[in-house]
Amino acid sequence: MPITKSSLNLQKLSLIRNPCEFPYFCWFFSFRSKTTRTQYESDAPIPEQIFKSAAQMGSYKSGDSTFYSLIENYANSCDFRTLFQVFDRMKRERRVFKEKNFILVFRAYGKAHLPEKAIDLFGRMVDEFQCRRTVRSFNSVLNVVIQEGLFHRALEFYDCVVGGKTSISPNVLSFNLIIKAICKLGLVDRAIEVFREMPAQKCEPDVFTYCTLMDGLCKEDRIDEALLLLDEMQIEGCFPSSVTFNVLINGLCKKGDMARVTKLVDNMFLKGCVPNEVTYNTIINGLCLKGKLDKAVSLLERMVASKCVPNDVTYGTLINGLVKQGRSVDGVCLLSSLEERGHHGNEHVYSALVSGLFKEGKSEEAMGLWKKMLEKGCQPNVVVYSALTDGLCREGKLDEAKEILCEMVNKGCTPNAFTYSSLIKGFFKMGNSQKAIQLWKEMAKNNCMPNEICYSVLINGLCEDGKLSEALMVWTHMLGRGLRPDIVAYSSMIHGLCNAGSVELGLKLFNEMLCQESDSQPDVVTYNILLRALCKQNSISRAIDLLNSMLDQGCDPDLVTCNIFLRTLSEKLNPPQDGREFLDELVVRLHKRQRIVGAAKIIEVMLQKFLPPKASTWERVIPELCKPKKVRAIIDGCWNSLFF
């Protein structure tokens with residue numbers, strides 16, 4: 001019978017009568033038998049037989065590599081209990097710990113979101129494990145802390161190690177990490193100080209150092225200083241990368257300075273840096289923010305010609321820009337052309353288009369896009385369902401919106417706070433407050449926690465329905481949950497109080513509003529509510545004082561504001577006034593505050609009311625308005641306001 005490889009292996013195995021004569025097999029069978037024991041028995045993670053006593057070879061013993069492999073495996077699986085059993089055994093056998101073993105554990109702590117454990121183990125490395133620490137382990141722990149967003153803790157750890165009795169000196173990576181943490185805290189000046197200390201520590205900044213600092217400066221709206229750093233790094237022999245230019249381009253785009261973006265891109269080509277997807281996406285987003293959609297589309301064509309593949313961010317940015325400009329139909333056409341090239345829109349693109357079409361009053365096109373999406377096999381998520389529900393509610397099709405909600409739930413897609421708030425707002429708008437309140441209760445039953453927007457919608461609906469006491473109860477409940485009212489909630493409550501004749505309470509709430517953060521400051525709607533209430537009470541002097549406060553707060557009056565005072569001046573004064581002097585004075589005051597756009601709006605109102613401004617007022621305002629590229633737009637706006 002011929003001897004095959006398999007039969008030879010069987011012969012070798014048949015010679016093993018007693019497996020425990022061979023340490024590895026003894027360990028294997030022992031492990032198999034242990035797996036049948038109760039899970040509450042605690043055995044050593046590795047058996048004794050696998051490590052027989054052997055002569056030391058230098059500072060290592062035979063079997064050390066197995067320990068190191070076990071450490072790596074347990075660290076990768078984040079099994080810290082078994083990992084430290086291995087550590088304990090290594091200490092008992094006086095085996096040598098390597099720094100790289102601890103670095104593996106630090107990374108595991110980062111993966112498990114346990115930064116304090118990493119700091120604690122770093123402190124025990126020398127005394128407990130007799131392992132020398134270097135900047136490598138220090139950087140590993142510092143990175144774990146920063147990745148968790150604990151920037152203050154990172155600074156404390158850095159100061160403790162670098163400024164302490166340790167012999168660890170920071171390297172370039174250490175400086176990059178700590179500069180990143182400082183910039184994240186918004187302490188850019190301190191980050192610059194640390195940056196300037198690097199040469200004294202014999203560390204030369206690299207491209208990552210400069211990029212981190214530039215990003216911090218750009219986020220603090222200090223673009224000019226960031227651009228100076230670009231010149232400095234080149235003088236110092238550090239060549240910028242595409243990432244460097246992308247950081248600066250992003251900062252300039254957010255500021256709307258597209259002229260300098262063009263120059264920076266030219267500089268980028270001169271330095272041999274080729275624009276990538278991030279570069280194109282950033283510039284396209286900047287053009288969309290400026291409303292230059294045609295240039296953004298042209299840049300997309302240039303991007304494709306440069307063999308730079310557009311991604312979901314590119315198309316999403318363009319389509320979202322078109323929607324914001326009221327060109328949702330163009331967005332649908334762009335999506336169709338992209339799909340012809342093999343690209344497919346995601347849920348966010350479809351939700352933006354569906355929402356935009358409904359807002360533009362094109363409900364049929366929106367429903368057609370919805371059906372097209374389903375036909376293409378794109379499964380709608382909560383974002384798309386919510387956009388469709390909101391659109392149907394805007395159209396007053398509450399029954400269809402409720403059906404979509406039921407379909408959404410049946411398909412296992414859980415409605416969110418925005419979905420419910422759209423429906424609640426829709427029912428209030430249709431005068432069905434009972435159904436709106438029922439939906440609010442249903443929302444609580446489905447464990448969907450209402451957010452600030454939901455509370456604002458409910459408060460606004462109750463106040464509009466004249467249910468002030470219920471609105472006050474909801475207001476109290478919202479504050480009790482620790483939620484901060486937004487501008488809609490404040491304005492709704494003030495409106496409800498004023499309608500109930502409690503103008504003083506409304507003013508008290510308004511004064512509280514002035515003490516809130518910038519996103520909760522009163523807008524022109526809030527001021528108009530109070531101005532109307534004061535004028536209705538014949539408190540014209542107090543209304544004038546509030547108007548002065550409005551101007552001081554940087555809030556420009558609108559057409560509603562003007563109509564409130566024009567009606568009051570014609571109905572409440574004896575003899576009545578046409579309001580020309582009042583509006584003319586308002587234009588002058590806005591001009592003195594350099595609020596030219598606001599002044600132009602008041603002039604438009606005056607022209608609509610056939611109340612021409614004084615010659616002296618024209619002389620003040622016209623030179624400011626008559627600037628290149630603005631004259632035609634202003635004239636067209638005035639004519640449109642008069643005749644269309």
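Let me start with a term: pLDDT is the predictor's confidence in each residue, on a scale from 0 to 100. Hi everyone, and thanks for coming. What you have above is a predicted model, where local features need pLDDT of at least 70, side-chain atom pairs count only at pLDDT 80 or more, and totals for chains, interfaces and linings use all residues. Residues are numbered from 1 along each chain as its sequence is written, and side-chain values use heavy atoms, with hydrogens and water left out.

First, confidence. The chain has a mean pLDDT of 84, with 87% of its residues at 70 or more.

Over residues 1-44 the model has 15 contacts beyond four places in sequence, a contact being heavy atoms within 4.5 Å. Residues 52-57 also stay under 50, and they have five such contacts. Where pLDDT is low, the predicted coordinates should not be read in detail.

Now the overall picture. The chain comes to 35 helices and zero strands. Of its 644 residues, 43% are buried; that word means under 20% relative accessible area, while exposed is over 50% and partly exposed lies in between, using a 1.4 Å probe and protein chains only. Taking contacts between residues at least 6 apart in sequence, 58% join residues at least 24 apart.

Let's go back to α7. This helix has 13 residues and spans 18 Å from first C-alpha to last, close to the 18 Å expected at 1.5 Å a residue; the expected span is 1.5 Å times one less than the number of residues. Ten of the 13 residues are buried, so α7 is largely enclosed by the rest of the structure. Among those buried are F138, L142 and I146. The cover over them includes α5, α6 (115-129), α8 (151-162) and α9 (172-184). After α7 comes G149, with a positive phi near 80°.

How do α5 and α7 sit relative to each other? The axes of α5 (residues 99-111) and α7 come within 9 Å and cross at roughly 5°. The two helices are therefore roughly parallel, the label for angles under 35 degrees; over 145 is roughly antiparallel, 65 to 115 roughly perpendicular, and the rest oblique. From α5, the contact uses E99, I103, F106, R107 and G110, and from α7 it uses R136, S137, S140, V141 and V144.

Next stop, α13 (residues 242-255). It has 14 residues and reaches 20 Å end to end by C-alpha, close to the expected 20 Å. Ten of the 14 are buried, so α13 is largely enclosed by the rest of the structure. The buried set includes F245, L248 and L252, and what covers it includes α11 (207-219), α12 (223-235), α14 (258-270) and α15 (277-289). G256 follows, with a positive phi near 85°.

Is S351 buried or exposed? At 9% relative accessibility, S351 counts as buried. Its side chain reaches the backbone oxygen of H348 at 2.8 Å. Leaving out residues up to four places away in sequence, S351 touches V383, V384 and A387.

Notes
Helix = DSSP H or I, 4+ residues; strand = E, 2+ residues; numbered from the N terminus. Polar contact = N/O pair within 3.5 Å; in protein donor to acceptor, adjacent residues only side chain to side chain. Axes fitted to C-alpha atoms, helices over the stretch in contact; angles between N-to-C directions.
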